[in-house]
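Student: I've got this one open on my screen. Walk me through it, please.

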Amino acid sequence: MTSGFLDHPDCLAHDTGPSHPERASRQTAVRAHLERTGLLAELELDRPEPADENSILAVHGREYLQLVQREAQTASTRLDPDTVAGPGSERAARLASGGVLKAIARVRKGDWSNAFVACRPPGHHAEKDRAMGFCLFNHVAVGARYLIEHEGLERVAIVDWDVHHGNGTQHSFEKDSQVFYASLHQYPFYPGTGAANERGIGAGEGATLNLPMAEGSGDSKWMQAFENALLPALEAFDPQFLIISAGFDGHRDDPLAGLELSSQTYKEMTRGLVQLCEQRAIGLVSSLEGGYDLESLGNSACSHVEALLEAKPRTNSGQALHPHQPGS
Ligand SMILES: [Zn+2]
């Protein structure tokens with residue numbers, strides 16, 4: 001049993017224009033780096049189908065979905081100051097959400113230990129009723145909702161290590177005790193959310209964990225927060241499935257942010273999460289978010305995949321079979 005890898009050539013047709021940082025060459029850079037390092041040959045490749053309308057509507061409003069569909073029939077327009085949609089965009093975003101759904105299905109079936117979905121556009125800024133920050137549909141939210149509503153899971157965790165806070169994901173689940181959202185991000189920074197005192201609302205209180213990092217933070221500070229705060233909170237939540245919002249824009253060479261991470265940190269974080277999932281016999285799927293310097297994006301994605309490939313085969317399909325009971 002190996003790790004799965006999903007991308008789709010139609011995601012390249014989401015055309016953001018000649019000078020936009022979220023461009024098609026990001027996706028091709030990830031694949032090219034994996035190919036060059038020989039890692040692609042170790043992965044099992046698959047292609048997503050577009051997420052069905054109901055999966056999207058479990059996270060987004062109908063009017064917003066119709067707006068994206070309408071825009072997809074015309075020339076490129078801006079849905080927010082940073083987010084462009086054109087003829088190929090709705091299909092690309094649906095494929096990216098569908099990639100997470102397919103990866104979840106195949107990991108739960110036992111085909112793969114874990115899987116990496118390297119589609120675009122990214123998703124974690126997308127809100128229920130609006131596009132934001134290069135994102136149209138929130139792929140990790142679509143995946144988590146599916147696991148709760150259709151697979152009957154009671155506890156799903158999302159770890160978001162993109163350098164930007166995943167406002168859309170947090171807002172999707174902040175009132176929900178069944179989905180734990182943990183984010184490490186530069187703060188204060190775009191999109192402005194993600195303060196440490198944002199911990200969830202009502203029944204969801206405590207199921208949101210924000211670990212804001214000051215501009216200029218490097219590997220050791222970041223890993224300290226990951227190991228001392230994020231991992232213990234994740235263990236305490238006791239998830240039945242883990243989804244990673246895998247953005248690589250915290251890298252020191254990234255043009256959009258101000259952290260000083262090396263690609264090695266993405267390997268170490270992945271390793272920590274892979275080990276946690278092995279101990280609990282639960283599934284893991286990661287979904288590409290940001291990362292705008294092609295070289296460091298490619299290298300960081302390779303580091304991530306190297307650690308995914310270290311996973312030992314699971315003895316069950318990641319369903320809630322491990323003996324640890326909630327509350328014990
Ligand atoms: Zn980002």
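Tutor: Two strands count as paired if DSSP finds at least two bridges between them. Residues are numbered from 1 along each chain as its sequence is written. This is a predicted model, so local features need pLDDT of at least 70 and side-chain atom pairs count only at pLDDT 80 or more, while totals for chains, interfaces and linings use all residues.

Student: OK. How many helices and strands does the protein have?

Tutor: The protein has 10 helices and 10 strands. Eight of the strands belong to an open sheet, in the order 2-1-5-10-9-6-7-8, with parallel pairing. At its edges sit strand 2 (44-46) and strand 8 (208-213), each pairing on one side only. From one strand to the next the twist averages 15 degrees.

Student: What packs on that sheet?

Tutor: Helix 5 (residues 89-109) does, touching strand 1 (2-6), strand 2, strand 5 (112-117) and strand 10 (283-288). Touching is about contacts, where two C-beta atoms, placed from the backbone, lie within 7 Å. The direction of helix 5 makes about 170 degrees with that of strand 5. For that, axes are lines fitted to C-alpha atoms, for helices over the stretch in contact, and angles run from 0 to 180 degrees between N-to-C directions.

Student: Let's do strand 7. Which residue there is the bridge partner of Asp160?

Tutor: That's Ser183. Strand 6 and strand 7 pair in the parallel sense over 5 bridges. Between them the chain goes through helix 7 (residues 167-173), and that β-α-β crossover is right-handed. Right-handed means that, with the strands pointing away from the viewer, the path from the first strand over the helix to the second runs clockwise.

Student: And what about strand 7 and strand 8?

Tutor: They run parallel too, joined by 6 bridges, with strand 7 covering residues 179-186. Ala182 stands opposite Leu209 in strand 8, and Gln186 stands opposite Met213.

Student: Is strand 7 buried or exposed?

Tutor: Mostly covered: 8 of its 8 residues are buried. Buried means 20 or more other C-beta atoms within 10 Å of the residue's own, exposed means 12 or fewer, and partly exposed is in between, with C-beta atoms placed from the backbone. Val179, Tyr181, Ser183 and His185 point one way, Phe180, Ala182, Leu184 and Gln186 the other way, and all are buried. In a regular strand, side chains alternate between the two faces of the sheet.

Student: What comes in the loop between strand 7 and strand 8?

Tutor: Pro188, for one, and the peptide bond from Tyr187 to Pro188 is cis, with omega near 0 degrees. Pro191 lies in that loop as well, and the Tyr190 to Pro191 bond is also cis, with omega near 5 degrees. Most peptide bonds are trans, and most residues other than glycine have a negative phi.

Student: Which residues have a positive phi, then?

Tutor: Phe134 is one of them, with phi near 75 degrees. Phe134 is in the loop between strand 5 and helix 6 (139-149), and counts as buried because 27 other C-beta atoms lie within 10 Å. Asp238 has phi near 60 degrees and lies in the loop between helix 8 and strand 9. With 18 C-beta neighbours inside 10 Å, Asp238 is partly exposed.

Student: Switching to helix 9. What should its residues span?

Tutor: Helix 9 (residues 263-280) has 18 residues, so at 1.5 Å a residue it should span 26 Å, and its end C-alpha atoms are 26 Å apart, which agrees. The expected span is 1.5 Å times one less than the number of residues. Its buried residues include Tyr266, Met269, Leu273 and Val274. Among the elements covering them are strand 6 (156-160), helix 8 (219-237), strand 9 (241-246) and helix 10 (294-308). Just after helix 9, Ala281 takes a positive phi of about 55 degrees.

Student: Last one: what share of the protein is buried?

Tutor: Buried residues make up 55% of the 328 residues. The C-alpha trace spans about 55 × 40 × 40 Å along its principal axes.

Methods: Helices (H or I, at least four residues) and strands (E, at least two) are DSSP runs, numbered from the N terminus.
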